[in-house]
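Have a look at the sequence and the model first, and then read on.

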Amino acid sequence: MLKSLQKQKHKLGTPEGQIEVLDNHEVINIPSFESKLKELDQLPLKPTSIDIFQINVGKMCNQVCTHCHVDAGPDRKEIMTRETMQLCLDALEGSDISTVDLTGGAPEMNPDFRWFVEELSTLGKQIIVRCNLTIILANPKYNDLPEFFKKHNVNVVSSLPYFTAKRTDAQRGDGVFEKSIKALQMLNAVGYGQEDSDLKLDLVYNPAGAFLPGDQMTLESQFKRKLLEFDIVFNELFAITNLPISRFLEYLVKTEKYEDYMDELVNAFNPTAALGVMCRSTISISWDGYMYDCDFNQMLELKVNGPQHISDYNAKALESRDIILNQHCYGCTAGAGSSCGGTTT
């Protein structure tokens, strides 16, 4: 079993080690991200609203993927407690927030995951669960997840690197493609992704190497055509750019592709995408209840400006905050833009 960077005591397994690399932008001769926004008269970057609560309920996962920005795996023991979940529920109750996006690790491995989903469903929020698919088959206690998701009308967003076994297994581990296909078929069987169903099943595509994703609509058409060979249907595909943090940063540094990749991101900077970044409408909450502008800032432990713990949640203060920026932000503003919901332009 592969170990997380943290377990290996790798320098890039720490936020400090990653930020040290990102802060050396003058050494590789690229402009700071802040200077790009200054040219657009968008500094400081401000929120437009808080419409999405993205909650990381733990870093434990049954997989160890080569590109994982969370550095998740079976050896990660950070898990959100029910008490912290209740603080999230308290903040959400009566709020205008429309969507709660549950992520991990494998969020389903949190022992209070089902309780949390049940409580969230009573608040009338849209619930997204980011499922790695193989968790459904990892243990008999997870086999009924498709039915559980259906019961609570959960929008399932599933990671599938590619529509072939070779590329999927190279990124996620041997046998992952076969298990993912079976899990998708199980989701389809209860109604997910079907034309006459309101049960939404979306897929996420990440490039396997140091390059930007292709056109999202073209990729979606390819995935739909290829997966139909397995009698699998789904709603949308989200093409997400790999950001230079955690395991993907380690890959870039190890293969001496970091400078070239950063150059590619900078050269593909899109002002329109910069105005539509997800951090302007999202709050990201870590397993221990601290708040961040996005999931990527969370992994770098760049806490929000303003009240920093969910126990001190204050919507008005957070909506007026300055968003924390660093060089990894180029990943969300390159090409057609990138967010947890795919392209932004």
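Helices (H or I, at least four residues) and strands (E, at least two) are DSSP runs, numbered from the N terminus. Counted that way, the chain holds 14 helices and eight strands. Please keep in mind that this is a predicted model.

**Overall build**

How does the radius of gyration of the chain agree with that of a compact globule? A compact globule of 345 residues would come out near 20 Å, and the chain has 19 Å, so the two agree. The C-alpha trace spans about 50 × 45 × 40 Å along its principal axes. As for burial, 56% of the 345 residues count as buried, where buried means under 20% relative accessible area.

**Two cis peptide bonds**

Now zoom in on the backbone, where two loops are worth a visit. The bond from Leu43 to Pro44 is cis, and its omega lies near 0 degrees. Pro44 sits in the loop that runs between α2 (33-39) and β1 (52-56). Gly104 and Gly105 are likewise joined by a cis peptide bond, here with an omega of about 20 degrees. To find Gly105, look in the loop between β2 (99-103) and α4 (113-121).

Which residues have a positive phi although they are not glycines? Lys9 is one of them, and Glu256 is another. The table puts their values side by side.

| Residue | Phi | Relative accessible area |
|---|---|---|
| Lys9 | about 60 degrees | 75% |
| Glu256 | about 60 degrees | 71% |

Is Glu256 buried or exposed? Glu256 has a relative accessible area of 71%, so this residue counts as exposed, the cut-off for exposed being over 50%. Its place in the chain is the loop between α10 (246-254) and α11 (258-267).

Because its relative accessible area is 75%, Lys9 counts as exposed.

Technical notes:
Residues are numbered from 1 along each chain as its sequence is written. This is a predicted model: local features need pLDDT of at least 70, side-chain atom pairs count only at pLDDT 80 or more; totals for chains, interfaces and linings use all residues. Side-chain values use heavy atoms; hydrogens and water are left out. Buried means under 20% relative accessible area, exposed over 50%, partly exposed in between (1.4 Å probe, protein chains only). The radius of gyration is taken over C-alpha atoms; the globule rule is 2.2 Å times the number of residues to the power 0.38.
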